[in-house]
There are 2 protein chains.
Amino acid sequence: MHSLHPLFHPSSVALIGASSDPERIGGRPLRFMIEGGFEAPIYPVNKSGDTIQGLRSYRSVSEIDHPVDQAVICVPVPGVEAAVRDSIAKGVRAIQIMTAGFAEIDADGRALQAHIAQLCHQAGVRLLGPNSLGLLNVHTRFFSTFSTALNGLKPQPGVIALATQSGAFGSATYGMASLRGLGFSKIVATGNEADVDVAECIDYLAEDPQTKIICAALESCRDGERLRQALRKAARAGKPVLIMKVGRTEAGAAAASTHTGSLAGNDVVYDTIFAECGAWRPQSIEEMLDIAYAFCVQPALPVNADIGVVTGSGGIGVLMADEAGERGLTLPALPPAGREAALALLPFAVASNPLDMTAQVTSVPQGVSRSVATMLEHTAWGTVFAYLAHVGLSPARFATTQAELIAVARAHPQRRLVLVMLSTPEVNRALQAEGVAVFEDPSRAVRAMAALATLTRRRESLDPPQSARDAQGGGNARLDLAGVETEDGAKRVLAAAGLPVPPEHLCTSADACAEAATAIGFPVVAKIVSPDITHKTEVGGVLLDLQDAQAVRAAYDELMQRARQLRPQARLEGVLIAPMLRGGVEVILGVHRDPTFGPMVMYGSGGTAVELFQDVAFASAPLSSERARELLERVRSTRLLRGWRGAPACDEAALVSALCRLSEFAAAHADRIESVDINPLVVRAQGAACLDAVITLQGGASHAH
Amino acid sequence: MHSLHPLFHPSSVALIGASSDPERIGGRPLRFMIEGGFEAPIYPVNKSGDTIQGLRSYRSVSEIDHPVDQAVICVPVPGVEAAVRDSIAKGVRAIQIMTAGFAEIDADGRALQAHIAQLCHQAGVRLLGPNSLGLLNVHTRFFSTFSTALNGLKPQPGVIALATQSGAFGSATYGMASLRGLGFSKIVATGNEADVDVAECIDYLAEDPQTKIICAALESCRDGERLRQALRKAARAGKPVLIMKVGRTEAGAAAASTHTGSLAGNDVVYDTIFAECGAWRPQSIEEMLDIAYAFCVQPALPVNADIGVVTGSGGIGVLMADEAGERGLTLPALPPAGREAALALLPFAVASNPLDMTAQVTSVPQGVSRSVATMLEHTAWGTVFAYLAHVGLSPARFATTQAELIAVARAHPQRRLVLVMLSTPEVNRALQAEGVAVFEDPSRAVRAMAALATLTRRRESLDPPQSARDAQGGGNARLDLAGVETEDGAKRVLAAAGLPVPPEHLCTSADACAEAATAIGFPVVAKIVSPDITHKTEVGGVLLDLQDAQAVRAAYDELMQRARQLRPQARLEGVLIAPMLRGGVEVILGVHRDPTFGPMVMYGSGGTAVELFQDVAFASAPLSSERARELLERVRSTRLLRGWRGAPACDEAALVSALCRLSEFAAAHADRIESVDINPLVVRAQGAACLDAVITLQGGASHAH
């Protein structure tokens, strides 16, 4: 049994701080549960009074002459600790603290909250809150919340679960969903998350038989790995997770910088994690509920991202095609047999996709339903939309078509049929009961189904098989990180990790430089090496395109002299001689340790694209080669590698390999490495080469170019 | 009186093809008008029968023994021409043809339609359709349509006008609006637009006293200038135009090409025209109605794009701030006096913007209304949003706050107060009557107000004063376009138009080249000049960085020889000697003649940004310098001109001047020029220089590099 079970399924509840006033915070949960008909015993606890809202009341938990499974605490802050101690002593398995005024207020509050969490932890008691708006198990009518949203809107049982940190967010979602007639299985507001957090609730709900889809809202995340695991578990269980995380526009500002350090650790990392773990991030509450609605009607993801559109209006068809194109859905062409069948039925139809039935449909018996059936029969498209204007507002006239469409839907149980029309609630209910979703706005219908189709794809690419990583081998070895603070040291470690580093020699004399250059082959590059010189170009520390031994000798002297002059205190380790490479396309690879989610790999193009266009993408380390290839697809500049303007195509396999090796290195040294910047990696027609690299250790100094 | 007045305000109507069956196409308009109570006489015309739906019927228009002001024709195609002739003979001022089967079907239909239009034109009769779903003047109950949308939804009078080509689009919008309780002034479906088009309807509605906001939908546009003038007229009249144009994702594909020819003439030109002319392009019908709703409640644009957010929930506040940031709204900081006032009221508030009242607000009398008032009093922000969860669902509890908020709104009649909450229709109506808009979804509320704030800005930048253009002078002269098919000729014309062209000489001997180079100063560039060589680089026709006279002489011989070898048929005009310029930032300027809207100016960055990131923007020619500066702001790569990574800032004034001169040249020669490509224009620390230019004349050959 999941350890959160006692929180959602108490066999008895003590409400500590219960109020006789059904409008007060301590009175509302009691009223909601009494009115709702909670099936287990409730024991109100309050110092004053013998009965509260008609129930026998107790002066303390210890007075209760029955076992108590869960305590719900809403006394003021000063009384909370005692209430917790009493509850633990009474033998509860779970505690909810609704009282606010803890970690969200000040240091004292933080300390008291930590102390209470520690008490619970030691006793093996799970704690929700403090500062929680409460918890609902709708099927058992356990309405343990003081949210006034329940005043006007009685909870309806359904298959949507809602887990949110913010109670206000929960109330908003609950209210909007209820007005739309959507029902819930469980709702939980985790508040300050002294113990139970949203991630663990998702983990629980992934197992909950009453829950088929999970809506969630985060303000922060304490344990990135727990969240990842919970999201993947839900995805594997076939339960979409629609997870909101506010603060997305900070990303816009921060992402304007090229620095991986400031790019990662912000909002874009959440996008990445949600996508990797098979979840969807809605941009608005309404979008979340549109998707939840479409899934509730037929609790299965569309089998693919192909869609068909049947319409009686060319304009609306194009509007839907526009929206589909922007959201990753595809409208394949109707196959010839399908075209023929459509034209046999409606000779004036535009038998394409969208399939425009034209006004002719009104004079052909079963015109609408047979057009939809034709499309379903002649394709394997996951979703078919039918735009039917306002026919649903005239139930009597629509009855025949409605029955025909239901029959078509039944004949294709693996496919999604979505109607876009104005209609009455009764018509909607009848269709929904048969798995047919109904939307009023064409654009919203397409958006919701596009999100579900994206979840199909994400679920398919969840967790690439371990064998793919094993086959690459060797990436998890621990390497000696001594000396990584110089370019030379960083490159040596990266070469050992399997990254392509060109042959380079650190030389301490002009003669050694000439010898190294001769061995490498001309032309070469010479760079000053010092742990104390962070920006080589500032001291003129790089000389390019040296053509012969004489030039290389002169370069050594010149570089050492410049460095001594401009940075007299710097420790000079010598001069690095490297081949001068021409051609190829420059990209940037990086790693940044996100405080929540650990090492994140970054890939972007060289030049100005990262900074001007935020043309970068992120992925969790380590990366399978499948994920690395996906990463390439998420960056527009990757097109530059593919034979841009007649240039030869670059060696993408070498780039994918470099990304994988870098990611494995980052994962194997996650405890040591703060960041890695390979800028640039040059991808050539054959192979790739790290031209510069910077590794920063945690708490340590960095070397920069 | 506007020439469309007789179409919208007939003093009597003959319905030709009227049917006794109120469900048939010829029966519905009659039924809608009889049921609705149309105030003027209706004369049904039908060969069979004496009365139709209770009205005296006539066998032909000529039989009608009263004057007839307008004819509505819904007879089958073969009878339409006779009906039109009869109506003209009877003296109508306007004709609607609902019958379909004309230009939308085949060449015969096109010819018949043109013929009928010609008949009407000669008679001075305005024609709506054919293939029109009809026209509604809601205030006079002139419901001349066969749309079944009116079966369930009786038209409500209001201030929204709707002009659409597609009848289906009109029905969809009408239906969704009606379910939301939005009312209309006029609705018109222009169908095949043989005469009256959407643009002219907008022109009419801009004058219509019953209309305060115009919704429109286009599938195509025949007369770009008429549309521009109509949109500007509506904007100047303070009537927002929300105009949909489907087909926007074709733009995505087409815009991926750098070629101005394929970039312009497509969807992005509509975006440009709508923005220039003060209109808004919604992406969905729902978005259009959200904006219309917000404007109907208080028919004035917000005074600026600054917004304040008052909320009891931090999370919802951030959600709204996210959306605002993405839509061009700004959340300025609350000024210190405002902060103090907010904290005096609610000591625990987060007195910022968003202003989080926290749960404390529930215990402070007038907490909500005074918070909102504080924000309005201490700022000049155009719009203040208050997120109030679900309070509106409990009208009795909310009554006091509602009255207080209405008082606040009345005290600030120039400002916009928008509530985001769940509420009952009665609560909504009471607030709306006082100019307070109510939205359920926080994100949609922000999006709607962001659109209105954008319209404020567009209206302010409408039509820069003519003096700004006059002051620049000289741009409208007609130039001799002979010889523009070569680079040399194109540059000479552009130089004459005031564009910065470096000193260059077309030379026909090696000696002349050396002389020219000496005069210009070394190093120089040499390029082959031939009207028959379209891509100079393909024949090795460009030699860079020539350092002395000897090199220049050799270059002449080399270029002529290469060209003779590789293109023996080409007419060689000689070699162009130009200065070799270094430094500066390369941009692309272009002009393309859009078939609908005339010459459009394009500006983008050099390099790959245009192709990879569609980092280009368009504007109508001619451009004022204000518009040219706006154009720079719409291209991200413009940042490269502003001291990128330590480089010196470029001469933006020179770029603005070049854009203005190019646009004036394009406008003055709109009858001759097909396209101009200046690629690149180098913008330097001082001045700018066209390094290459191609001008293509209409119907003529082009020169390319």
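Trainee: Let's start with A:N131: buried or exposed?
Mentor: A:N131 is buried, because 25 other C-beta atoms lie within 10 Å of its own. A residue counts as buried with 20 or more other C-beta atoms within 10 Å, exposed with 12 or fewer, and partly exposed in between, the C-beta atoms being placed from the backbone.

Trainee: Before we go on, what sort of model is this, and how is it numbered?
Mentor: It is a predicted model, in which local features need pLDDT of at least 70 and side-chain atom pairs count only at pLDDT 80 or more, while totals for chains, interfaces and linings use all residues. Residues are numbered from 1 along each chain as its sequence is written, and chains are lettered from A and ligands numbered from 1 in the order in which they are written.

Trainee: Thanks. Back to A:N131: where does it sit, and what is its phi?
Mentor: A:N131 is in the loop that runs from β7 to β8 (134-137) of chain A. Its phi is positive, near 65°, and it is not a glycine. Most residues other than glycine have a negative phi.

Trainee: Which residue of chain B has a positive phi without being a glycine?
Mentor: B:A389 is one, with phi of about 55°. That residue belongs to the loop between β17 (383-387) and α16 (395-411) of chain B, and it counts as buried because 20 other C-beta atoms are within 10 Å.

Trainee: And which peptide bonds are cis in chain B?
Mentor: Among them are the bond joining B:N353 and B:P354, with omega about 5°, and the bond from B:F522 to B:P523, with omega near -10°. B:P354 lies in the loop between β15 (350-351) and β16 (355-356), and B:P523 in the loop between α21 (510-520) and β21 (524-529).

Trainee: Changing topic: how many helices and strands does chain A have?
Mentor: Chain A has 25 helices and 29 strands. Helices (H or I, at least four residues) and strands (E, at least two) are DSSP runs numbered from the N terminus. Of its 705 residues, 56% count as buried, and its C-alpha atoms fill a box of roughly 100 × 80 × 40 Å along the principal axes.

Trainee: What are the domains of chain A?
Mentor: There is domain 1 (1-133), domain 2 (298-460), domain 3 (503-579) and domain 4 (585-697), with bounds from an automatic or database domain assignment. The centres of domain 2 and domain 3 of chain A, taken over C-alpha atoms, are 68 Å apart.

Trainee: Can we zoom in on α4 of chain A? Which of its residues are buried?
Mentor: A:L112, A:Q113, A:I116, A:A117 and A:C120 are buried. Down the axis of α4(A) they fall within an arc of 135°, so they line one face of the helix; the arc is that of the directions from the helix axis to the C-beta atoms. On the other side, A:A107, A:D108, A:A111, A:H115, A:Q118 and A:Q122 are exposed.

Trainee: What covers that buried face?
Mentor: The cover includes α3 (77-90), β6 (94-97) and β7 (126-128) of chain A. After α4(A) comes A:G124, with a positive phi near 70°.

Trainee: How many residues are in contact between the two chains?
Mentor: 51 residues of chain B are in contact with 50 residues of chain A, where contact means C-beta atoms, placed from the backbone, within 7 Å. Elements of chain B that each supply at least two residues to the side touching chain A include α6 (167-179), α12 (285-297) and α18 (442-460).

Trainee: What's α18 of chain B like: buried or exposed?
Mentor: α18(B) is mostly covered, with 15 of its 19 residues buried.

Trainee: Last one: which residues touch the most others in the largest nonpolar core?
Mentor: Of its 444 residues, A:I202, A:V601, A:L659, B:I202, B:V601 and B:L659 do. A nonpolar core is a set of buried Ala, Val, Leu, Ile, Met, Phe, Trp, Tyr and Cys residues joined through C-beta atoms within 7 Å. Beyond its neighbours within four places in sequence, B:V601 is in contact with residues including B:V591, B:F618, B:L659 and B:A666.
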